[in-house]
Amino acid sequence: MISKQIEPHKNTLQFILQPNSSLSWQKMKLVFYAVAGVLGIISGAFSLLGLWLIFPFAGLELVVLGSAFYLCARRAQRCEVITIDQNGIEIFRGRKANGERWRFHRQWVRVRVESAPHAWHMSHLMIGSHGHEVEIGIFLTEEERLYLAKELRKVCSP
């Protein structure tokens with residue numbers, strides 16, 4: 001997902017790139033609690049029949065499901081922010097304040113799309129100058145990546 005912000009008082013343009021997230025963290029917790037409740041009822045019913053060994057397996061299932069939900073939610077929080085001002089382009093990749101930063105001089109920046117070797121692979125959007133490049137938009141769809149490349153070329157070309 002790409003959002004574009006123009007800040008006229010700072011004379012900057014920002015592209016904020018985030019992966020699409022199907023569920024928020026709160027809704028993931030609700031789904032987890034619903035599954036845990038249903039699993040608890042089923043496990044309780046089987047334990048009344050004398051099959052008490054279901055509890056360790058139900059617990060293991062909940063641990064795996066909870067870990068998967070947590071990893072998905074954590075991965076959905078990452079973002080890339082491309083800030084373009086008069087002199088340069090700054091790229092931030094990470095979560096909130098923790099992450100990596102790159103800065104390139106605007107006049108020397110080159111934006112290129114490296115096509116995929118096979119049809120089932122995604123292309124790579126590279127931005128950089130003087131032999132140093134950074135891949136951006138790894139989690140974007142192909143259409144979003146090509147749109148971002150077109151927008152960046154418009155802004156960066158002299």
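Glu90 stands opposite Arg103 in strand S5, a pairing that belongs to the eight antiparallel bridges by which strand S4 (residues 88–95) is joined to S5. The model described here is a predicted one, and its strands include an open sheet of five in the order S1-S2-S3-S4-S5 and an open sheet of three in the order S6-S7-S8. Helix H3 packs on the five-stranded sheet and also lies across S6, S7 and S8.

**The five-stranded sheet**

- The strands of this open sheet, ordered S1-S2-S3-S4-S5, pair in the antiparallel sense, and its edges are formed by strand S1 (2–7) and by S5, each of which pairs on one side only.
- From one strand to the next, the twist of this sheet averages 15 degrees.
- S4 and S5 make a hairpin in which two residues lie between the strands, and Lys96, in the turn, has a positive phi of about 55 degrees.

**The three-stranded sheet**

- The pairing in the open sheet S6-S7-S8 is antiparallel, with strand S6 (110–114) and strand S8 (132–136) as the edge strands, each pairing on one side only.
- The twist in this sheet averages 30 degrees from one strand to the next.
- Strand S7 (residues 124–129) pairs with S8 over five bridges in the antiparallel sense, and Leu125 stands opposite Ile136 of S8.

**Helix H3 and the two sheets**

- On the five-stranded sheet, H3 touches S1, strand S2 (12–17), strand S3 (79–84) and S4, and the direction of the helix makes about 165 degrees with that of S2.
- Helix H3, which spans residues 142–156, also lies across S6, S7 and S8, where it runs at about 160 degrees to S6.

**Two residues in loops**

- Arg106 is placed in the loop between strand S5 (98–105) and S6, and this residue is buried yet has no salt bridge, since the nearest side chain of opposite charge, that of Asp85, is 6.2 Å away and a salt bridge requires a distance within 4 Å.
- Not counting residues up to four places away in sequence, Arg106 touches Ile84, Asp85, Gln86, Asn87, Gly88, Val155 and Cys156.
- Phe139 is found in the loop between S8 and H3, and it counts as buried because its relative accessibility is 18%, which is under the 20% cut-off.
- When neighbours within four places in sequence are left aside, the contacts of Phe139 are with Leu17, Gln18, Pro19, Arg78 and Glu80.
- Phe139 and Gly59 are 80 residues apart along the chain, and their C-alpha atoms are separated by 33 Å.

**Cysteines**

- A disulfide is a covalent bond between the sulfur atoms of two cysteines.
- A search of the whole structure finds zero disulfides; for Cys72, the nearest cysteine sulfur is that of Cys79, at 18 Å, and for Cys79 the nearest is in turn that of Cys72, also 18 Å away.
- Cys72 is partly exposed, with a relative accessible area of 46%, whereas Cys79 is buried, with a relative accessible area of 12%.

Note on methods
Residues are numbered from 1 along each chain as its sequence is written. This is a predicted model: local features need pLDDT of at least 70, side-chain atom pairs count only at pLDDT 80 or more; totals for chains, interfaces and linings use all residues. Side-chain values use heavy atoms; hydrogens and water are left out. Two strands pair if DSSP finds at least two bridges between them. Helices (H or I, at least four residues) and strands (E, at least two) are DSSP runs, numbered from the N terminus. Axes are lines fitted to C-alpha atoms, for helices over the stretch in contact, and angles run from 0 to 180 degrees between N-to-C directions. Contact means heavy atoms within 4.5 Å. A disulfide is a pair of cysteine sulfur atoms within 2.5 Å. Buried means under 20% relative accessible area, exposed over 50%, partly exposed in between (1.4 Å probe, protein chains only). Lys and Arg count as positive and Asp and Glu as negative; His and the chain ends are not counted.
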